[in-house]
Amino acid sequence: MTQSDVWLPVSVEAYWFWLIPLVFGVIFSWRYRRDKVRLSNGLWFSLFFYSFLAMLAVTIFGTNNHPLIIVCGTIFIGFILFLAVLFFLQAFLLLWNAWIMWRHESHTLANMLTLILGIAILVLPFVASAVGNRVPQPVNTFMTIFPNLVILYVVFWFYNYLTMLVIYQFNRPRLRQDYIIVLGAGLLNGDEVSPLLAQRIMRGLKFYQKQQRRTGHPAVMIFSGGQGGDETVPEGQAMLDYAISQGLPAKAGWAETKSTTTLENMRFSKALIDQGQVKAPRTIFVTNNYHTFRAGMFAKQAGLRADGIGARTARFFLPDAIIREYIAIFMKHKWWHAAATVALLILSVAVVLLDLYNGQL
């Protein structure tokens with residue numbers, strides 16, 4: 001084989017760079033094992049994942065197997081083109097999802113996030129262009145730099161959150177749990193379990209039944225939710241009654257009926273668990289898949305050592321729900337993000353001043 005037959009020469013020393021994804025992978029695994037709901041874990045996973053892909057590409061070229069290189073290159077280019085199409089169509093996809101949400105869900109602000117975002121993506125570039133043409137150049141420069149930096153910052157953390165949300169879905173708790181907490185989600189007509197809440201209950205009940213079949217290890221299901229102003233019974237009691245009607249033994253279910261938030265779900269459920277007879281209990285919680293990561297944060301805040309499993313959610317509901325969850329997590333650290341925004345503001349002003357200074361030389 002001649003040198004001209006080699007598409008990309010790869011030296012033997014280059015394979016030592018496999019240590020980079022290996023190190024990042026070990027760091028991510030160690031941190032994730034210690035704490036599954038730290039957003040910074042997403043940074044370590046991304047470092048591992050993209051360095052792994054880079055070294056995989058180097059290794060494929062190093063084989064000098066032309067058919068393999070062509071196939072992998074075609075897949076890579078196809079994937080990039082797919083992402084490009086999604087990027088250019090993102091506003092229309094969001095509006096399409098908003099239309100579906102409008103047809104199937106109540107017309108609340110929380111259910112219109114994809115509509116707002118889709119309109120913003122379409123309209124804001126025209127607004128920025130129109131305003132930019134009517135202001136002095138330094139102001140136009142600032143209006144270009146600062147909003148784009150803020151958007152990049154928000155999108156960066158959204159991608160990081162989305163990474164961890166996806167990874168969290170792969171939780172597979174062992175079938176040796178002592179307690180299974182099911183989080184409430186509101187009742188219909190004051191006393192009826194909603195379809196969304198029924199999915200949570202059935203997800204927990206299936207886990208309970210599977211554990212009973214496989215191991216025989218006893219578990220207690222805790223149904224957590226207080227009574228809202230428009231409800232005639234506490235959510236926890238309605239959930240327990242529903243679970244019993246679906247086959248849960250009455251002695252295997254408890255109702256927690258005081259909580260009004262997810263954090264209280266965790267705190268009050270932990271108080272019940274602490275009153276039980278099991279020392280160092282193994283616990284999981286059940287909610288909808290889009291809510292598992294943030295619920296895990298609340299479990300940690302409440303001092304409850306518990307991982308979550310998610311019930312399926314209608315696909316059309318996921319984009320809006322995920323955006324809503326991200327906003328809640330983002331606001332949970334609002335002062336940290338506010339400081340970062342101020343830093344971006346200072347950086348933008350500095351760039352404008354440097355541009356003015358260079359223009360005067």
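First, terms. Two strands pair if DSSP finds at least two bridges between them. Strands are DSSP runs of E, at least two residues; helices are runs of H or I, at least four; both are numbered from the N terminus. This is a predicted model: local features need pLDDT of at least 70, side-chain atom pairs count only at pLDDT 80 or more, and totals for chains, interfaces and linings use all residues. Residues are numbered from 1 along each chain as its sequence is written, and side-chain values use heavy atoms, with hydrogens and water left out.

Start with strand S4, residues 220-224. S4 runs parallel to strand S5 (residues 253-256), with 4 bridges. There, Met221 has Gly253 of S5 as its bridge partner. S4 also runs parallel to S1, joined by 5 bridges. Tyr179 sits opposite Val220 in that pairing.

Now burial. Buried means under 20% relative accessible area, exposed over 50%, partly exposed in between (1.4 Å probe, protein chains only). S4 is largely enclosed by the rest of the structure, because 5 of its 5 residues are buried. One side carries Val220, Ile222 and Ser224; the other carries Met221 and Phe223.

What about S1? It is mostly covered, with 5 of its 5 residues buried. Tyr179, Ile181 and Leu183 point one way, Ile180 and Val182 the other. S1 pairs parallel with strand S6 (residues 283-288) over 4 bridges. Ile181 has Phe285 as its partner in S6.

Last, a contrast. Arg172 lies in the loop between helix H5 (137-168) and strand S1 (179-183). Arg172 counts as exposed because its relative accessibility is 62%.
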